[in-house]
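Colleague: I have a model open and would like to talk it through with you. Could you put the sequence and structure up before we start?

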Amino acid sequence: MAIFEGTFTNASTLKVGIVIARFNDLITNKILSGCLDCLKRHGLDTSELSNQVDIVWVPGSFELPIAAKTLMKKKSYDVVIALGAVIRGETSHYDVVISEASKGISQVSNENNVPIIFGVLTTDTMQQALERAGIKNNLGWNYALQAIEMGTLIKNLN
């Protein structure tokens, strides 16, 4: 029996793309910071001159799938991380955005055989979003760990 798992010791060989929504940037900037900190601590070059990590900003979470798709056509990535924050409001806009973003990200991942980590916070309040972006913990760190695990797993399976 063969068992395959991602590892955290070979992360320094990964090529990572990050697509991030500018909407709710108070939250998304904090998540990005946690994400980059984790990647750096696992051996990836996150400097401005890095050829290992690319960051693409988009207006909102709805635009994450098309940016991820276009990014993957431009370069070869082991894993992509989609970061955003959608906070429930008084209209149904929240439901539409999160539904389309999640479906689109899943579709792009499957079509390109590249894992995309779904790092889009979906909260009812700004307070909940702030708690997940650093007040209690920073989920950006978790998203980066998921990316490292999935990126190394897929590399090991190929």
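Modeller: What follows is a walk through some contacts, the cores, the pocket and a few loop residues.

Colleague: Fine, what should I keep in mind about the numbers?

Modeller: This is a predicted model, in which local features need pLDDT of at least 70 and side-chain atom pairs count only at pLDDT 80 or more, while totals for chains, interfaces and linings use all residues. Residues are numbered from 1 along each chain as its sequence is written, and side-chain values use heavy atoms, with hydrogens and water left out.

Colleague: Let's begin with Lys-15, where is it found?

Modeller: Lys-15 is in the segment before β1, which covers 16-21; helices (H or I, at least four residues) and strands (E, at least two) are DSSP runs numbered from the N terminus.

Colleague: Does Lys-15 count as buried or exposed?

Modeller: Lys-15 counts as buried because its relative accessibility is 15%, where buried means under 20% relative accessible area, exposed over 50% and partly exposed in between, with a 1.4 Å probe and protein chains only.

Colleague: And which side chain does Lys-15 join in a polar contact?

Modeller: The side chains of Lys-15 and Asp-54 are joined by a polar contact of 3.2 Å. That term stands for a pair of N or O atoms within 3.5 Å; within protein, one must be able to donate a hydrogen and the other to accept it, and residues adjacent in sequence count only if both atoms are side-chain atoms.

Colleague: What about Asp-54, is that residue buried or exposed?

Modeller: Asp-54, which lies in strand β2 (residues 53-58), is counted as buried because its relative accessibility is 15%. Not counting residues up to four places away in sequence, Asp-54 touches Lys-15, Val-16, Gly-17, Ile-18, Lys-75 and Tyr-77, a contact being heavy atoms within 4.5 Å.

Colleague: On to the nonpolar side, which residues of the largest core touch the most other members?

Modeller: Of its 28 residues, those are Val-16, Ile-18, Ile-27, Leu-39, Ile-81, Leu-83 and Tyr-143. The core is a set of buried Ala, Val, Leu, Ile, Met, Phe, Trp, Tyr and Cys residues joined through side-chain atoms within 4.5 Å.

Colleague: Which elements supply at least two residues each?

Modeller: For this core they are β1, α1 (25-41), β3 (79-87), β4 (116-123), α4 (126-132) and α5 (139-157), and the largest share, seven residues, comes from α1. Apart from this core lies another, of 20 residues, among them Val-19, Leu-71, Val-80 and Val-114.

Colleague: Changing topic, what volume does the largest pocket have?

Modeller: The largest pocket has a volume of about 260 Å³, that is, the space filled by probe spheres set on grid points joined across faces, edges and corners. On a 1 Å grid over the protein atoms alone, a pocket is an open set of points where a 1.4 Å probe fits, with protein on both sides within 12 Å along at least five of seven lines, and lining residues have an atom within 4 Å of a point.

Colleague: Which lining residues are the closest to its centre?

Modeller: Of the 15 residues that line the largest pocket, they are Phe-23, Asn-24, Val-86, His-93 and Val-97. The lining divides into eight nonpolar, six polar and one charged, where Ala, Val, Leu, Ile, Met, Phe, Trp, Tyr, Cys and Pro count as nonpolar, Asp, Glu, Lys and Arg as charged, and the others, Gly among them, as polar.

Colleague: What is phi of Asn-24?

Modeller: Asn-24, in the loop between β1 and α1, has phi near 60 degrees, a positive value in a residue other than glycine.

Colleague: Last one, which side chain is joined to Asp-124 by a polar contact?

Modeller: That is Arg-88, at 2.9 Å. Asp-124 is in the loop between β4 and α4, and the C-alpha atoms of Asp-124 and Arg-88, 36 residues apart along the chain, are separated by 4.7 Å. Asp-124 counts as partly exposed because its relative accessible area is 43%.
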